[in-house]
Amino acid sequence: MKAFTYKSAKSEEEAVKALGAGALPLAGGTTLLNLMKERVVEPDVLVNLKSIKGFDRIEAVADGLRIGAGVTLASLLENPAVARQYPAIAQAVETVATPQIRNMATLGGNLCTRPPCWYFSHDLFACAKRGNANTCPAREGENEYAAIFANEGPCVAVHGSSVAPALVALGATVRIAGPSGAREIPLEKFFALPKDNVLKENVLGNNEIVTHISVGKPNAKSATYVVNHKESHDWPVGLASVALEMKGDTCASARVVLGAVAPVPWRSAKAEAALAGKKITAEVATAAAAAAAEGALPLSQNAYKIQTTKAAVRRAILVAATGKWS
Ligand SMILES: Cc1cc2nc3c(=O)[nH]c(=O)nc-3n(C[C@H](O)[C@H](O)[C@H](O)COP(=O)(O)OP(=O)(O)OC[C@H]3O[C@@H](n4cnc5c(N)ncnc54)[C@H](O)[C@@H]3O)c2cc1C
């Protein structure tokens, strides 16, 4: 690993000031340190964010919860308000990696994580996302875990966060601090496609950090269903987060967001339309799942993701509606 300088920030202002050319923010390090060991990223300076006062706090606010970017995934999972009021979040977090990794990994780091792509994360390969090639080796190579939506750009890796789809489904916002102050944007608008900037996965500008994630009105009618390779700690091969707005036993509106299939959390307007105004039955859930897979463009080795996505969407809808897993 290349030698680097380590700075610990006590406030978001200090963190923003300490960032600059050649510097990167460090949270739990579960992604970043692996990439540094592989020399995929080689910062001169690491700015530790976990020392920021209050960065690891979950606060109840008038209209929901405000979650510090430094909250670990383990703390999020143990929080009773999250489990009760936003089951889609807890169900997603529970599937991330291993308990040891969740003890270190933060929510901010999860949303800013780098792609889980073996070409990107090993220094043996050159790729567009690393900025040392114009092409994507996965496109014609080992692409079984790659995207089936929005994969026409210069990189076919999927987004690495299992938690982001739940937060997007729940309409979360993200607060960003930078040299010119703070701004808050819908989380849905935080993620960026490779065709817009292949080197980044989000819209963070220079020296900007994520400070908080806010979720509004509790929604117990929300769920996340994850399809994994057996009981592994690896990234999912299918994931859907669903938030239903019910009026009596009819779904007034729904948000359906897919993970593991696109370079960003992938909102499915077609699945949402298939649910609106309907009573949630197994048939309606199956139709919405089929709608969610429409428009998928699999590569040579990942057509199976159409089926894993359909299964995740169907089951997430039924769990959200009934609270039952079978
Ligand atoms: C074996 C293994 C399995 C995994 N499985 C999964 C999985 O199933 N699902 C999943 O979602 N993830 C998975 N991960 C990925 C990873 O552990 C998580 O995404 C984790 O949440 C990253 O958080 P962190 O705090 O460790 O981030 P770090 O590693 O510290 O940082 C990650 C990136 O985000 C940037 N960053 C961190 N915090 C901020 C901030 N507040 N503002 C701006 N930039 C920031 C860093 O500069 C870095 O580029 C897995 C990792 C491993 C090693």
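Colleague: What should I know before reading the values?

Modeller: This is a predicted model, where local features need pLDDT of at least 70, side-chain atom pairs count only at pLDDT 80 or more, and totals for chains, interfaces and linings use all residues. Residues are numbered from 1 along each chain as its sequence is written, and side-chain values use heavy atoms, with hydrogens and water left out.

Colleague: How many helices and strands are in the chain?

Modeller: Helices (H or I, at least four residues) and strands (E, at least two) are DSSP runs, numbered from the N terminus. Counted this way, the chain has 12 helices and 13 strands.

Colleague: What radius of gyration does the chain have?

Modeller: The radius of gyration is taken over C-alpha atoms, and the globule rule is 2.2 Å times the number of residues to the power 0.38. For 326 residues, a compact globule would have a value near 20 Å, so the chain agrees with its radius of gyration of 19 Å.

Colleague: What percentage of the residues in the chain is buried?

Modeller: Buried means under 20% relative accessible area, exposed over 50%, and partly exposed in between (1.4 Å probe, protein chains only). Of the 326 residues in the chain, the buried share is 52%.

Colleague: Which residues come nearest to the ligand?

Modeller: A residue is near a molecule or strand if one of its heavy atoms lies within 4 Å of it. There are 32 residues around the ligand, and those that come nearest are P25, G29, T30, T106 and S162.

Colleague: How far is a backbone N or O atom of G29 from an oxygen atom of the ligand?

Modeller: A polar contact is a pair of N or O atoms within 3.5 Å; within protein, one must be able to donate a hydrogen and the other to accept it, and residues adjacent in sequence count only if both atoms are side-chain atoms. For A27, a backbone N or O atom lies 2.9 Å from a ligand oxygen atom. For G29, the distance from a backbone N or O atom to a ligand oxygen atom is 2.8 Å.

Colleague: How much of the ligand does the protein bury?

Modeller: Accessible areas come from the Shrake-Rupley method with a 1.4 Å probe; for residues, only the protein chains shown count as cover. Taken alone, the ligand exposes 990 Å², and the share of this that the protein buries is 94%.

Colleague: Which element gives the largest share of the shell around the ligand?

Modeller: Elements giving two or more residues to this shell are α2 (32-37), α7 (107-111) and β8 (209-215). The largest share, 3 residues, comes from α7.

Colleague: Which residue joins its side chain to that of T211 in a polar contact of 2.6 Å?

Modeller: T211 is found in strand β8. T211 counts as buried because its relative accessible area is 0%. Its side chain makes the 2.6 Å polar contact with that of R175.

Colleague: Is A9 buried or exposed?

Modeller: A9 is found in the loop between β1 (5-8) and α1 (12-18). Contact means heavy atoms within 4.5 Å, and A9 touches residues including V47 and I52, not counting residues up to four places away in sequence. Its relative accessibility is 2%, so A9 is buried.

Colleague: Where does P43 lie?

Modeller: P43 is buried, with a relative accessible area of 5%. Residues that P43 touches, not counting those up to four places away in sequence, include F4 and M36. P43 lies in the loop between α2 and β3 (45-48).
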